[in-house]
Amino acid sequence: MNPAPRNVVSPPRQVVRAVLNEALESKLGGEVVVKSTTVSGRIFVVERKVAWTVLTGPGARSFSTALIDAKLVSREDVEQVMAECRKSGGNFCETLVAWGLVPRDTLRDLLCHHVTAQLETLFGLTEAQALFVPQPRSYASQLTFDLAELMANTPQPAVPQSQSPSGPPVLLEGEAMANVKQALEEAMKIEGAFAVCLADANSGMTLGSVGGNATFNVEAAAAGNTEVMRAKLKTMKALGIKDRIEDMLITLGEQYHIIRPLAAREGLFLYIALHRANANLAMARFRMADVEKSIQL
């Protein structure tokens, strides 16, 4: 008897990584342009090294914002440096160093982490299109990186093993998406609910959403509440609170917003918006706990 067929999960095709490798082998340099349904990006390559990355989309974070968040510079400092760069054609990072605002080693470390995080986002896109545009360019900075340096501390995604009859079920990408959609549709049945989504607190991107309308963009709301999650976690760490967040409630005049992190998958959270006049808050929180448990990723 032939053995029963087994589902095997293939790792996502590394389209962006493959095109970037092509760019890094080019003597000319240039840029890798990346587009997906949610995120767009550009990776600038100079002398076979990565010089800069730009991301646009939900949760995208600029390097200047990273500098401000790290309290290395003020927003006014950034505006003045950018004005000088526009005037002189100078490099943003080199100007920061020249003005004595940030030590070179500190700036290099932060830039390395920033570029790595953006590359991780781009490498994780499973349905992206990527194109290398060769273009010789001068770059007035030595703050460039080998790909190996950027990826040195990045954990490589494990290739899932074939399903074992005695092991837990393996969710294929399509099945996982269907599971999330079903869970979100169940959440929309909660009395008063008008928008719900599952989001990634690291990138601000939504992994699935239901509801919303022309005046309430659920993806934008999720990206904004990513900052709420980060701020709360940062505060807990500063206070030495070693506990987990079950849920967070934001009460508006006419709405309730509930943020519920997934206990089984760190970094992901459910976000639901409800009309306050129609919602039963206690029941909504109870039902959201059930929805959270139903999500399998």
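Before anything else, please keep in mind that the model is predicted. The chain has 297 residues, and 39% of them are buried. Along it there are 9 helices and 9 strands. If we take the contacts with a separation of 6 or more, 61% of them join residues 24 or more positions apart.

Strands of a sheet pair through backbone hydrogen bonds, and the pairing can be parallel or antiparallel. Here we have an open sheet of 5 strands, paired antiparallel, in the order E6-E5-E9-E8-E7. Which strands are at the edges? They are E6, residues 206–211, and E7, residues 248–251, and each of these pairs on one side only. From one strand to the next, the twist averages 10°.

E8 covers residues 255–261 and E9 covers residues 268–275; the two are antiparallel and share 7 bridges. Within this pairing, Tyr256 stands opposite Leu274 in E9. A helix also packs on the sheet: H9, residues 281–294, which touches E7, E8 and E9. The direction of H9 makes about 30° with that of E8.

The last topic is aromatic rings. A pair of such rings is described by the distance of the centres and the angle of the planes. How many aromatic pairs does the structure hold? There are 2.

One is Trp52 with Phe63, an edge-to-face pair at 5.9 Å centre to centre and 85° between the planes. Trp52 sits in strand E3 (residues 49–56) and Phe63 in helix H2 (residues 63–69), so the pair ties together parts 11 residues apart in sequence. Are these two residues buried or exposed? Trp52 is partly exposed, at a relative accessible area of 22%, whereas Phe63 is buried, at 2%.

The other pair is Phe194 with Phe216. Their ring centres are 5.1 Å apart and their planes are at 80°, so this pair is edge-to-face. Phe194 belongs to strand E5 (residues 193–200), while Phe216 is in the loop between E6 and helix H8 (218–239), so parts 22 residues apart in sequence are tied together. Phe194 counts as buried because its relative accessibility of 11% is under the 20% cut-off. Phe216 is buried too, with a relative accessible area of 13%.

Notes
Residues numbered from 1 in each chain as written. Predicted model: local features only at pLDDT ≥ 70, side-chain atom pairs only at ≥ 80, totals over all residues. Heavy atoms only, no water. Pairing = 2+ DSSP bridges. Helix = DSSP H or I, 4+ residues; strand = E, 2+ residues; numbered from the N terminus. Axes fitted to C-alpha atoms, helices over the stretch in contact; angles between N-to-C directions. Contact = heavy atoms within 4.5 Å. Buried < 20%, exposed > 50% of the residue type's maximum accessible area, 1.4 Å probe, protein only. Phe/Tyr/Trp six-rings, centres within 6.5 Å; stacked < 30°, edge-to-face > 60°.
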